[in-house]
Amino acid sequence: MKIGILGGGQLGRMLIQEALKYDDEFYTLDPASDAPCHNISYFTQGNFNDYETVLNFGKDKDVVTIEIEHVNADALAELENQGIRVVPNSKIIKTIQQKILQKEFYKAHDIPSPEFEIMDGSSDEIKMPLPFVQKMNTGGYDGKGVQVIRTNEDMKNLWIQDSVIEKLVDIDKELSVIVARNENGETKTFPVTEMVADPKLNLLDFNICPVFLTEEIEEQINSITEKFLNAINSPGLFAIELFLDKEGKVWVNETAPRLHNSGHQSQEGNANSQFEQMYRVVKNLPLADTDAIIYSGMLNLVGAEGFSGKVVYEGMEDVLRLPETYVHLYGKTETKPGRKMGHINVLADSREELMEKLVMVKGMVRVIAE
């Protein structure tokens with residue numbers, strides 16, 4: 001099968017790495033000539049936001065999927081009209097890539113999400129009381145396009161553009177659940193993971209699985225995943241990011257219609273990884289076992305402050321000597337502050353041991369430049 005992927009970043013790279021054990025051809029489209037997928041796929045340099053570029057890229061493929069949601073969904077809709085399978089379908093991509101449509105989708109399907117109002121970009125008039133979160137309607141990722149407005153003084157930083165104004169949740173934990181559905185309607189859910197963010201970069205720092213949750217909280221998450229899978233009417237793999245507030249209520253923060261950073265520990269910690277699952281979704285094969293087989297965690301390898309240029313992984317040899325520690329680099333030759341360059345997965349026999357190992361490994365390695 002000829003499988004086209006819009007985006008040639010690390011998510012596409014790890015999908016292809018996992019799927020190379022099968023018999024398919026992978027084609028990727030990315031604007032960067034040195035994108036992580038450029039040397040492990042049939043690579044096309046081009047803009048995945050451009051209608052004609054996406055149309056021409058996809059027209060001879062058996063199926064087209066994405067590893068980034070900021071793509072031309074209208075071109076994907078036209079490919080569907082021409083009989084090309086698009087996973088997930090263009091309608092759900094278009095809904096999720098716009099925060100306003102995404103919030104309205106949750107409301108329409110009774111999926112709990114923080115109270116919100118729409119800012120249309122023509123006025124700074126807001127009814128939502130402070131503090132609140134502003135999310136730009138399009139283009140945000142990895143904490144970009146999101147800001148917290150806590151005080152009247154902060155109001156001067158308000159973006160006067162189309163955005164969602166959302167009530168600030170008093171967060172106890174940030175969680176993620178990855179769900180998959182194939183074209184036959186079979187569904188599978190990965191065990192819930194806990195996400196620990198770097199407060200400075202607003203990027204995922206650690207990811208931890210499994211998470212100890214009460215039966216009531218698990219029931220809330222199961223209800224959310226069931227409602228979501230029933231509502232999307234599309235095959236795909238989706239990462240649902242969740243807030244657990246300090247009163248024990250679960251809210252949907254947002255959803256990614258693709259592979260996700262919060263599922264990386266599944267590479268060694270689960271019976272099958274999110275990448276294996278995504279491949280099976282794209283091919284409409286029976287879905288894979290998602291059970292957690294051990295305590296697992298991930299830490300991101302992110303470009304250190306003050307370093308730009310040809311990447312050097314300081315301390316990596318010491319990390320490679322550790323048992324049950326797995327390095328995944330993304331093939332990016334140039335580092336800059338805050339850039340995701342790879343990740344390290346760690347296995348352990350208990351949560352306490354896992355956290356100790358993650359903190360230790362984080363202190364051992366630094367992403368710098370020559």
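A: Two strands count as a pair if DSSP finds at least two bridges between them. Keep that in mind for the sheet. The model is predicted.

Five strands make up an open sheet, in the order β3-β2-β1-β4-β5. Their pairing is parallel. Which strands stand at the edges? They are β3 (42-45) and β5 (85-87). Each has a single partner strand, so one side of each has no neighbour in the sheet. On average, neighbouring strands here are turned by 20 degrees against each other, with direction ignored.

Strand β4 covers residues 63-66. It pairs with β5 in the parallel sense over three bridges. Val64 has Val86 of β5 as its bridge partner.

Strands of a sheet pair through backbone hydrogen bonds, either parallel or antiparallel. For the antiparallel case, turn to β6 and β9. Strand β9 spans residues 162-167, and β6 pairs with it in the antiparallel sense over five bridges. Phe116 stands opposite Glu166 in β9. The side chains of β6 (residues 116-120) alternate. Glu117 and Met119 point to one face and are buried.

Now the helices. Helix α4 is mostly covered, with six of its eight residues buried. Those are Ser90, Ile92, Ile93, Thr95, Ile96 and Gln97.

Two packed helices are described by the angle between their axes and the distance between the axes. For α4 (residues 90-97) and α5 (residues 99-108), the axes come within 5 Å and cross at roughly 105 degrees. Angles of 65 to 115 degrees count as roughly perpendicular, so α4 is roughly perpendicular to α5. On the α4 side, the contact is made by Ile92, Lys94, Thr95, Ile96 and Gln97. From α5 come Lys99, Leu101, Gln102 and Phe105. By class, the residues of this contact are four nonpolar, three polar and two charged.

Helix α1 brings Leu11, Met14, Leu15, Glu18 and Ala19 to the contact. Helix α8 brings Phe275, Glu276, Met278 and Tyr279. Seven of the residues in the contact of α1 with α8 are nonpolar, none are polar and two are charged.

Is Asn300 buried or exposed? Asn300 sits in strand β16 (residues 295-302). Its relative accessible area is 7%. Buried means under 20%, so Asn300 is buried. Its side chain makes a polar contact of 2.9 Å with the side chain of Asn261.

Asn230 lies in helix α6 (residues 215-232). It has a relative accessible area of 61%. The cut-off for exposed is over 50%, so Asn230 is exposed. Asn230 and Met195 are 35 residues apart in sequence. In space they are 25 Å apart, C-alpha to C-alpha.

How values were computed
Residues are numbered from 1 along each chain as its sequence is written. This is a predicted model: local features need pLDDT of at least 70, side-chain atom pairs count only at pLDDT 80 or more; totals for chains, interfaces and linings use all residues. Side-chain values use heavy atoms; hydrogens and water are left out. Helices (H or I, at least four residues) and strands (E, at least two) are DSSP runs, numbered from the N terminus. Buried means under 20% relative accessible area, exposed over 50%, partly exposed in between (1.4 Å probe, protein chains only). A polar contact is a pair of N or O atoms within 3.5 Å; within protein, one must be able to donate a hydrogen and the other to accept it, and residues adjacent in sequence count only if both atoms are side-chain atoms. Axes are lines fitted to C-alpha atoms, for helices over the stretch in contact, and angles run from 0 to 180 degrees between N-to-C directions. Angles under 35 degrees count as roughly parallel, over 145 as roughly antiparallel, 65 to 115 as roughly perpendicular and the rest as oblique. Contact means heavy atoms within 4.5 Å. Ala, Val, Leu, Ile, Met, Phe, Trp, Tyr, Cys and Pro count as nonpolar, Asp, Glu, Lys and Arg as charged, and the others, Gly among them, as polar.
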